[in-house]
Amino acid sequence: MTLEATSPGANYGSTASGSSFYAAMRILPHDQREAMFQIYSFCRQVDDIADSDGPRDERLAALQAWRNDIDALYQGNPPPRLKDYVTSVKTFGLKREDFLAIVDGMEMDVPQDIRAPDMATLDLYCDRVASAVGRLSVRVFGLPEEDGIELAHHLGRALQLTNILRDIDEDAGLGRLYLPREALLHAGITSNDPDRVIVERALPKVCLPLAQRAKVYFEKSDEIMNRNRRRAVRAPRMMSKYYHAILDLLIARGFNAPREPVRVSKITRIAILLRYALI
């Protein structure tokens with residue numbers, strides 16, 4: 001369950017996606033809401049570092065500084081920018097390794113831009129920038145440990161793969177290509193140059209299987225949410241429905257160039273809010 005992850009990286013500063021995140025989080029009780037906005041703020045700040053146009057060595061150093069600050073937080077010496085996190089960490093049992101995994105995920109784009117990673121690397125990337133966020137989030141939502149971790153695994157990957165499929169052109173403009181190498185080769189695409197790949201006629205042969213993989217992740221996350229308390233899964237359910245709607249629009253539009261942006265209608269967004277916020 002990424003917090004409105006949009007490529008490149010997770011781009012937590014996205015205004016367009018931020019609206020659905022805020023809608024999902026505003027329905028939470030105060031303590032949960034505060035914790036979620038702290039998680040979001042952390043993700044946004046490290047993402048801004050990864051996606052800046054500053055020198056790569058400076059970005060790596062800035063991300064390492066965040067690791068150091070997370071360590072200090074869990075050692076009982078929180079730096080000023082993390083002082084407000086102390087209560088949330090204690091109240092909800094937020095794990096140090098999940099915060100660090102998010103930093104590790106953001107860093108994957110820094111030494112060099114990701115281009116056609118193998119499937120294992122793509123899955124690791126999704127785990128770090130999306131499912132790790134989910135592992136923090138489900139503790140705040142109050143899900144049982146095992147189901148929470150499983151939900152974070154499946155829904156995080158579903159959301160991040162949807163982002164990747166939605167933002168192919170935007171990522172290419174930044175020199176990045178998150179589509180997996182194996183899928184490209186299977187479709188007969190041997191280049192890893194984003195500008196060349198995004199105009200390949202065979203691109204749908206890469207994207208449609210990835211979309212089906214995302215659908216399976218959505219289905220598995222639905223199974224988990226269906227067996228848990230409705231109030232505990234209100235926020236992730238809203239995120240899931242919103243992103244599933246995006247995925248359906250992408251599949252209906254197709255992946256051949258030129259690709260028009262897709263947008264969930266206001267009516268659909270309101271319907272999701274009314275259905276799942278008022279439980």
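Which residues is alanine 232 in contact with, leaving aside its neighbours within four places in sequence? I looked this up first. They are Phe141 and Leu143, where contact means heavy atoms within 4.5 Å.

**Ground rules.** I am working on a predicted model, where local features need pLDDT of at least 70, side-chain atom pairs count only at pLDDT 80 or more, and totals for chains, interfaces and linings use all residues. Residues are numbered from 1 along each chain as its sequence is written, and side-chain values use heavy atoms, with hydrogens and water left out.

**Alanine 232.** I placed alanine 232 in the loop between α11 (203–226) and α12. Helices here are DSSP runs (H or I, at least four residues), numbered from the N terminus. Alanine 232 counts as buried because its relative accessibility is 5%. Buried means under 20% relative accessible area, with a 1.4 Å probe and protein chains only; exposed is over 50%, and partly exposed lies in between. I also checked valine 140: it is 92 residues from alanine 232 in sequence, and the two C-alpha atoms are 9.2 Å apart.

**Helix α7.** I compared its length with expectation. The expected span is 1.5 Å times one less than the number of residues. The 22 residues of α7 should span 32 Å, and the end C-alpha atoms are 31 Å apart, so the two agree. I found α7 mostly covered, with 16 of its 22 residues buried.

Next I took the packing of α7 (residues 145–166) on α12 (residues 234–253). The angle is about 35° and the axes are 10 Å apart. Axes are lines fitted to C-alpha atoms, for helices over the stretch in contact, and angles run from 0 to 180 degrees between N-to-C directions. The crossing of α7 and α12 is left-handed. That term applies if the near helix is turned anticlockwise from the far one by less than a right angle; clockwise is right-handed.

From α7 the contact uses Leu151, Leu155, Leu159, Thr162, Asn163, Leu165 and Arg166. From α12 it uses Pro236, Met239, Ser240, Tyr243, Ile246, Leu247 and Leu250. I noted 10 nonpolar, 3 polar and 1 charged residue in the contact of α7 with α12. Ala, Val, Leu, Ile, Met, Phe, Trp, Tyr, Cys and Pro count as nonpolar, Asp, Glu, Lys and Arg as charged, and the others, Gly among them, as polar.

**Threonine 162.** Is threonine 162 buried or exposed? Threonine 162 is buried, because its relative accessible area is 0%. It sits in helix α7. Beyond four places in sequence, threonine 162 is in contact with Ala214, Phe218, Tyr243, Ile246, Leu247 and Leu250.

**Core.** I then went to the largest nonpolar core, which has 89 residues. Such a core is a set of buried Ala, Val, Leu, Ile, Met, Phe, Trp, Tyr and Cys residues joined through side-chain atoms within 4.5 Å. Phe42, Ile102, Leu165 and Leu179 touch the most other members. Helix α6 (residues 119–141) gives the most to this core, with 11 residues. For leucine 165, contacts beyond four places in sequence are Leu179, Cys207, Leu210, Ala211, Leu247, Leu250 and Phe255.

**Helix α2.** Its 21 residues (30–50) should span 30 Å, and the end C-alpha atoms are 30 Å apart, which agrees. I listed its buried residues; among them are Phe42, Cys43 and Asp47.

I found α2 packed on helix α4 (residues 85–92) at about 115°, with axes 10 Å apart. This crossing is left-handed too. Asp31, Gln32, Ala35, Gln38, Ser41 and Phe42 of α2 meet Tyr85, Ser88 and Phe92 of α4. The contact of α2 with α4 divides into 4 nonpolar, 4 polar and 1 charged.

**Helix α3.** The buried residues of α3 pack against α2, α4 and α5. They include Arg59, Arg67 and Asp69, as well as Trp66. Just after α3, glycine 76 has a positive phi of about 90°.

A cis peptide bond joins alanine 257 and proline 258, with omega about -5°. Proline 258 lies in the loop between α12 and α13 (266–277). Alanine 116 has a positive phi, near 50°, in a residue other than glycine. I placed alanine 116 in the loop between α5 (96–107) and α6. Alanine 116 counts as buried because its relative accessibility is 4%.

Notes
Helices (H or I, at least four residues) and strands (E, at least two) are DSSP runs, numbered from the N terminus.
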